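Subject: Structure handover

Hello,

Here is the structure for you to take over. My notes follow below it.

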Amino acid sequence: MTGTQTADEPRGTAADGPPNGPLLDVRDLAVTYPGGAAAVRGVNLSVAAGRKLGIAGESGCGKSTLAMALLRLLPVGTRVSGQILLDGEDVLGMKWGRVRAVRWAGASMVFQGAMHSLNAVHRIGDQIAEPILLHKQATPAAARRRARELLEHVGLPAARADAYPHELSGGQRQRVMIAMALACDPRLIIADEPTTALDVMIQAQILRLIERLVAEQDIGLIMISHDLAVLADTCDRLAVMYAGRVVEEGPARQVYEDARHPYGRALSSAFPRIGDRSSRFAPRGLPGDPPDPAALPSGCTFHPRCPVALDSCAVDDQPLRDAGPGRAAACVRVDGAAGGAGTGADEGDGASGEEPSDGTAPGGAQDEARSSTP
Ligand SMILES: Nc1ncnc2c1ncn2[C@@H]1O[C@H](COP(=O)(O)OP(=O)(O)O)[C@@H](O)[C@H]1O
Ligand code: SF4
Ligand SMILES: [Mg+2]
């Protein structure tokens, strides 16, 4: 994927789709919450069957909002614009009956914190069987049988179907969530921080499980995490979000090991390797927090935190631009031929020829209710 983004030629992320089009194609998606928070602003991405797209970014960058928009799970009064094509079908234009059918069977979601997502007073097997029954894919007996098969598929004994959520460990509960997500044979799974609450060993097991299932069943995967290392280890391509936008994207390993956008660099240096507990901290040396989406900074929204910002960055917004083969980054310092943004004040004559503004060195309209009905 090459070429510079223009207003009428939205840039995609992770296209890699078959000739007949990707499984998921998101164009210019924007989400504004009722209070005015512009949580997602003009995101383009696509995912092909059997491919894995990672979405990274600090807390508050709009990752979960994006995920919920894909399945129309946002609160009443939230404005959503753009296009979400799932297998060619426009999700934003669907009637509610169709949306309900598409959830689980077309695309399903695995959330963080399985304890809160599972119902404490129902047995595991019944909860896995529920979406199968709701989608009329089976008789009650067949749905229960399928639930037990799914448990084995995710590495749990079938007998755990009779357990209640509190009888399982955190890792086992997350496996149950994955079994539920698989229950109706979805084409796409959206996993939002699926391993964040888990211990490192269990995290690795769950990630390998997700990888295996995606490969075996040719499912498309969107994996969301604040942890670039986890995504680089699991996904084919990576999109880094900041303040509701994709600011960098490309092959996962390349983005992790050699980020082009200053924010991508800060994120990747914060997460040195998978399994490292210290990786749960905010980007090292990066001051402040992501901006309030109801009061975004002018120009490049990263400029107040950027160690290599130029004076013009407070004024000029930056679209994604070429950052090498198959790569893009939204930074004035990025040059497709030369590679990534500079990393310090000594690179003052970067793309625009200006000096860094402060010399700081790095280191320093979806009107529908949220539905709980599957
Ligand atoms: N229901 C809501 N109403 C208003 N603002 C919200 C709502 N949910 C999330 N936000 C805001 O949208 C921004 C993005 O949030 P979120 O999508 O949860 O980010 P992430 O998943 O990357 O942590 C945050 O500033 C958050 O406070
Ligand atoms: S150099 Fe400027 S455009 Fe690039 S990330 Fe920093 S503030 Fe944004
Ligand atoms: Mg989130």
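Start with helix H10 (residues 262-270), which lies across E3, strand E9 (237-242) and strand E10 (245-251). H10 runs at about 110° to E9. Some conventions apply here. Helices (H or I, at least four residues) and strands (E, at least two) are DSSP runs, numbered from the N terminus. Axes are lines fitted to C-alpha atoms, for helices over the stretch in contact, and angles run from 0 to 180 degrees between N-to-C directions. Contact means that C-beta atoms, placed from the backbone, lie within 7 Å.

This is a predicted model: local features need pLDDT of at least 70, side-chain atom pairs count only at pLDDT 80 or more, and totals for chains, interfaces and linings use all residues. Residues are numbered from 1 along each chain as its sequence is written, while chains are lettered from A and ligands numbered from 1 in the order in which they are written.

The eight-stranded sheet

E3, E9 and E10 belong to an open sheet of 8 strands, in the order E6-E7-E8-E3-E9-E10-E12-E11. Its pairing is mixed; two strands pair if DSSP finds at least two bridges between them. Strand E6 (107-110) and strand E11 (321-322) are at the edges with a single partner strand each, so one side of each has no neighbour in the sheet.

E3 (residues 52-56) and E8 (residues 220-225) run parallel, joined by 5 bridges. Lysine 52 has leucine 221 in E8 as its bridge partner. E6 also runs parallel to strand E7 (residues 188-192), with 4 bridges. There, valine 110 is partnered by alanine 191 in E7.

Is E6 buried or exposed on its faces? Both faces are covered: Ala107 and Met109 are buried on one side, Ser108 and Val110 on the other. Buried means 20 or more other C-beta atoms within 10 Å of the residue's own, exposed 12 or fewer, and partly exposed in between, with C-beta atoms placed from the backbone.

The four-stranded sheet

A second open sheet has 4 strands, ordered E2-E1-E4-E5, with antiparallel pairing. Strand E2 (38-47) and strand E5 (89-90) are its edges; each has a single partner strand, so one side of each is left without a neighbour in the sheet. Strand E1 (residues 24-32) joins E2 through 7 bridges. Valine 26 stands opposite leucine 45 in E2. Helix H1 (residues 63-70) lies across E1, E2 and strand E4 (79-86), at about 65° to E2.

Core and helices

The largest nonpolar core has 106 residues. Such a core is a set of buried Ala, Val, Leu, Ile, Met, Phe, Trp, Tyr and Cys residues joined through C-beta atoms within 7 Å. Ala179, Leu238 and Val240 have the most contacts inside this core. H6 gives the most to it, with 7 residues.

Helix H4 (residues 124-134) has buried residues, including Ile124, Ile128 and Ile132. Their cover includes helix H2 (96-105), helix H5 (140-153) and helix H6 (170-182). Just after H4, lysine 136 takes a positive phi of about 50°.

Ligands

Ligand 1 has 14 residues around it, with Tyr33, Ala39, Lys63, Ser64 and Thr65 nearest. A residue counts if its C-beta atom, placed from the backbone, lies within 6 Å. H1 supplies the largest share of this shell, 3 residues.

Ligand 2 is surrounded by 15 residues; Cys300, His303, Cys306, Cys313 and Cys331 are the closest.

Best wishes

Terms used: Contact = placed C-beta atoms within 7 Å.
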